[in-house]
Amino acid sequence: MNRMDLLNDVLLSLIPIMVAIDALGTLPIFVAMTEGMKTHQRRAIVRQSIVTAFLITIGFTFLGRAVFSALGILVEDFMIAGGTVLLIIAVLDIVRAGEKRTVISSTFGVVPFGTPLIAGPATLTTTLVLVGNYGYLPVILSLIVNILLAWFIFAQADRIINFIGVSGSRAFAKVASLLLAAIAVKMIRSGLFMLIEG
């Protein structure tokens with residue numbers, strides 16, 4: 001593969017992975033759920049979530065089909081499981097409206113931010129399909145670019161919080177919880193429809 005072909009394949013892989021990761025769409029949820037945290041804590045969660053998302057996606061790209069086949073797991077099963085986890089988190093956050101927020105655990109960057117929000121079923125499935133179309137190298141390069149872009153976007157969370165203020169952040173949190181619940185339902189619905197159609 002020459003450089004022009006590689007560049008073309010990287011560009012063709014870049015947009016689908018960007019849409020699947022949807023860092024901008026996830027940012028409101030990140031801002032809302034890390035409200036009141038100190039800068040160094042938020043940065044630690046960002047690092048944890050980005051590293052987790054990258055490792056999971058890379059691992060899934062190389063081993064996904066084999067692991068799923070060995071365990072008898074379908075992509076649809078993964079979508080339903082991921083959606084259920086997100087739905088539980090969203091419902092708990094909505095139910096606790098007005099109460100003091102619970103302390104975020106040390107693994108919060110792994111679940112739910114690293115996976116299934118960043119490295120969710122859409123990201124994992126997209127990379128697996130793209131590898132079949134363009135090969136490993138272009139897809140991995142596209143993934144690295146997108147992961148770095150997501151890192152940059154989440155790193156700007158402090159500025160966003162400062163811009164919208166405390167009241168705006170709290171109002172945002174309620175909307176973000178509903179948004180998270182909607183994303184979860186969509187993941188579960190998509191998984192169920194794929195199972196039924198399959």
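Is Asp 5 buried, partly exposed or exposed? Asp 5 is partly exposed, because its relative accessible area is 40%, where buried means under 20%, exposed over 50% and partly exposed in between (1.4 Å probe, protein chains only). The structure is a predicted model, in which local features need pLDDT of at least 70 and side-chain atom pairs count only at pLDDT 80 or more, while totals for chains, interfaces and linings use all residues. Residues are numbered from 1 along each chain as its sequence is written, and side-chain values use heavy atoms, with hydrogens and water left out.

- Asp 5 belongs to helix α1 (residues 3-21); helices here are DSSP runs (H or I, at least four residues), numbered from the N terminus.
- Between Asp 5 and Asp 93 there are 88 residues in sequence and 47 Å in space, taken from C-alpha to C-alpha.
- Asp 22 is located in the loop between α1 and α2.
- The phi angle of Asp 22 is near 50 degrees, a positive value in a residue other than glycine.
- With a relative accessible area of 38%, Asp 22 is partly exposed.
- Helix α2 (residues 23-33) is mostly covered, as nine of its eleven residues are buried.
- Among the buried residues of α2 are Leu 27, Ile 29, Phe 30 and Met 33.

**Two threonines of α3**

- Thr 52 is part of helix α3 (residues 39-71), and it counts as buried because its relative accessibility is 13%.
- The side chain of Thr 52 reaches the backbone oxygen of Gln 48 at 2.6 Å; this is a polar contact, that is, a pair of N or O atoms within 3.5 Å in which, within protein, one must be able to donate a hydrogen and the other to accept it, and residues adjacent in sequence count only if both atoms are side-chain atoms.
- Setting aside residues up to four places away in sequence, Thr 52 touches Gly 109, Val 110 and Gly 114, where contact means heavy atoms within 4.5 Å.
- Thr 61 also has its place in helix α3, and at 5% relative accessibility Thr 61 counts as buried.
- A polar atom of the Thr 61 side chain lies 2.6 Å from the backbone oxygen of Thr 57.
- Beyond its neighbours within four places in sequence, Thr 61 is in contact with Thr 127, Leu 128, Val 131 and Tyr 136.

- The buried residues of α5 include Gly 109, Phe 113, Gly 114 and Ile 118.
- Pro 116 lies in α5, and a cis peptide bond with omega of about 15 degrees joins Thr 115 to Pro 116.

**The crossing of α4 and α5**

- The axes of helix α4 (residues 75-95) and α5 come within 10 Å and cross at roughly 135 degrees; axes are lines fitted to C-alpha atoms, for helices over the stretch in contact, and angles run from 0 to 180 degrees between N-to-C directions.
- The contact is made by Gly 82, Val 85, Leu 86 and Ile 89 of α4 and by Val 111, Pro 112, Pro 116 and Leu 117 of α5.
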